[in-house]
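Let's learn to read a protein model together, one feature at a time. Have a look at it before we start.

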Amino acid sequence: MRSLPSIIHLDMDAFFASVEQAAKPSLRGKPVIVGGLGGRGVVSTASYEARRFGVHSAMPTAQARRLCPNAAFLTGRFEAYRQVSELVMALLRELSPLVQPLSLDEAFVDLEAGPYGPVLAEAEHGTGERLVLALAEDLRADIERRTGLTASVGAAGSKLMAKIASERAKPDGLVLIEPGQERAVLGPMPVRALPGIGPATEQVLRRAGLNTVAELAEAGETELVQLLGKAHGAGVHQMSIGLDDRPVVADQDAKSVSVEDTFEVDLADRDRVLREVETLALRCARRLRGAGRSGRTVVLKVRRFDFSTLTRSETLRGPTDDETVIVETARRLASQVDITGGVRLLGVGVAQLADYTQEDLFAQAVREEAQAAAAEGAGAEEEPEAVEEEAAVARRWLPGQDVRHAEYGPGWVQGSGVGRVTVRFETPWSGPGRVRTFAIEDPALEPARPLPLREDWPTEAGQEDGH
């Protein structure tokens with residue numbers, strides 16, 4: 001454990017929604033919700049204006065619409081988020097070569113490994129803390145100046161406490177936890193505050209009467225090992241007393257992204273199993289997107305009633321991070337598994353990871369095939385030539401999507417339906433723009449790449465086509 005709070009954790013505030021507000025002047029100060037917009041869609045990020053209505057991440061979009069019907073509901077623009085993320089990560093690497101990104105909007109930084117390391121090593125304790133605070137404040141100011149976005153930063157002597165500090169700092173703040181204060185800070189917190197304690201582990205601890213971190217510390221390592229197993233129990237005990245010696249590791253290259261849940265009662269109903277698999281697949285897709293990655297292989301993990309474990313996988317034609325594709329593939333794998341006797345655990349993962357690509361051609365193909373099948377069923381009595389002609393001109397415009405019109409310039413889609421698309425023409429550096437409506441097949445309207453949030457962004461962070 002360090003005697004100086006030289007590990008910082010940076011977390012961008014409501015990142016996806018904040019990028020949308022920065023890119024769209026008409027949405028600034030208004031509730032914005034980013035996520036899946038279909039019947040099974042889930043909220044990825046809600047702006048702080050939307051959170052006041054009770055909207056939060058992982059909430060079904062349908063519920064968010066009921067809570068905050070006047071919000072702007074937008075699909076994600078991951079190329080735009082990646083642009084901003086790369087700029088923020090570059091600023092972090094100016095402080096230290098040891099930067100450990102956790103997702104597009106979150107990272108640990110080890111200040112002792114950077115140019116200020118020798119000064120921190122020689123400084124008296126109070127002077128060192130003041131330097132850490134100054135570096136963190138300068139970092140937050142640089143991010144806001146370069147992107148217009150705010151970030152929260154926590155500083156501490158370990159990764160565990162730095163992350164807890166950044167949570168306390170939200171939104172748009174800075175909190176430093178002095179080494180030696182770990183147990184005082186952690187004690188009153190719920191057990192879920194510790195990394196690695198999910199819903200299933202929480203239930204095990206709750207049944208044992210352990211609800212706070214202080215109660216975990218008092219229980220002792222022996223009891224926690226009996227409850228959670230040797231490795232997990234020992235690790236939870238160490239964290240409960242504020243001990244965390246995990247180093248900041250740069251350039252981690254994960255080979256897969258996965259989520260899993262253990263059930264208190266074995267699942268024997270196939271419909272219930274499929275619903276749980278769908279929920280896990282949605283969570284996995286959100287985590288994959290949050291990391292800015294895509295993958296080719298969807299993996300299903302099933303632990304049966306007798307503790308035997310089996311896996312099934314399917315390799316797709318190309319990398320994807322599309323939740324529809326991941327859900328459908330996972331459900332297809334689950335439908336082939338024998339669940340006789342019951343299922344204790346389910347997991348969904350994506351492997352063979354690749355960097356996120358601008359266009360998910362495989363997902364697009366899946367959607368086109370589904371749309372073609374639907375069109376074929378709906379228009380079975382129409383002339384084939386008429387169906388082909390309609391399919392040739394059909395275009396899909398998603399809320400929030402970047403577009404460019406030959407006459408009116410850059411804008412974004414507010415909505416579409418009944419053969420029309422509504423576009424607001426504005427840029428990140430303009431005032432709120434005017435709204436115009438076009439036919440969905442208007443040849444003057446085309447999809448476009450995201451504009452940079454600042455006109456003076458470096459070329460590589462913005463457009464290559466002169467936008």
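**Reading strands, cores and helix faces**

A: Let's start with a hairpin: 2 residues link β5 to β6 here. Helices (H or I, at least four residues) and strands (E, at least two) are DSSP runs, numbered from the N terminus. A word on the source: this is a predicted model, where local features need pLDDT of at least 70 and side-chain atom pairs count only at pLDDT 80 or more, while totals for chains, interfaces and linings use all residues. Residues are numbered from 1 along each chain as its sequence is written, and side-chain values use heavy atoms, with hydrogens and water left out.

Q: Which strands does β6 pair with in the antiparallel sense?

A: Two strands pair if DSSP finds at least two bridges between them. Here, β1 (residues 7–12) and β6 are antiparallel with 5 bridges, and β5 (residues 99–103) is also antiparallel to β6, with 4 bridges.

Q: In what order do the strands of the open sheet come?

A: Read it as β5-β6-β1-β7-β8, 5 strands with mixed pairing. β5 and β8 (174–176) are at the edges with a single partner strand each, so one side of each has no neighbour in the sheet. On average, neighbouring strands are turned by 15° against each other, direction ignored; axes are lines fitted to C-alpha atoms, for helices over the stretch in contact, and angles run from 0 to 180 degrees between N-to-C directions.

Q: Is β6 mostly covered or uncovered?

A: Buried means under 20% relative accessible area, exposed over 50%, and partly exposed in between (1.4 Å probe, protein chains only). In β6 (residues 106–110), 5 of 5 residues are buried. Both faces are covered: E106, F108 and D110 are buried on one side, and A107 and V109 on the other. Helix α4 lies across β1, β5 and β6, at about 155° to β5.

Q: Which residues have the most contacts inside the largest nonpolar core?

A: A nonpolar core is a set of buried Ala, Val, Leu, Ile, Met, Phe, Trp, Tyr and Cys residues joined through side-chain atoms within 4.5 Å. The largest one here has 44 residues, and I8, L10, F15 and Y81 have the most contacts inside it. Its largest share, 10 residues, comes from α4. There's also a second, separate core of 32 residues, including F263, L282, V343 and L353.

Q: What does L111 touch?

A: Contact means heavy atoms within 4.5 Å. L111 lies in the loop between β6 and α5 (117–122), and it counts as buried because its relative accessibility is 2%. Leaving out residues up to four places away in sequence, L111 touches S6, I8, L95, Y116, G117, L120, V132 and L135.

Q: Where do the buried residues of α9 fall, seen down its axis?

A: The arc to look at is that of the directions from the helix axis to the C-beta atoms. In α9 (residues 199–207), the buried residues are T201, E202 and L205. They fall within an arc of 100°, so they line one face of the helix. Their cover includes α10 (213–219), α11 (221–228) and α12 (230–240). Just after α9, G209 has a positive phi of about 80°.
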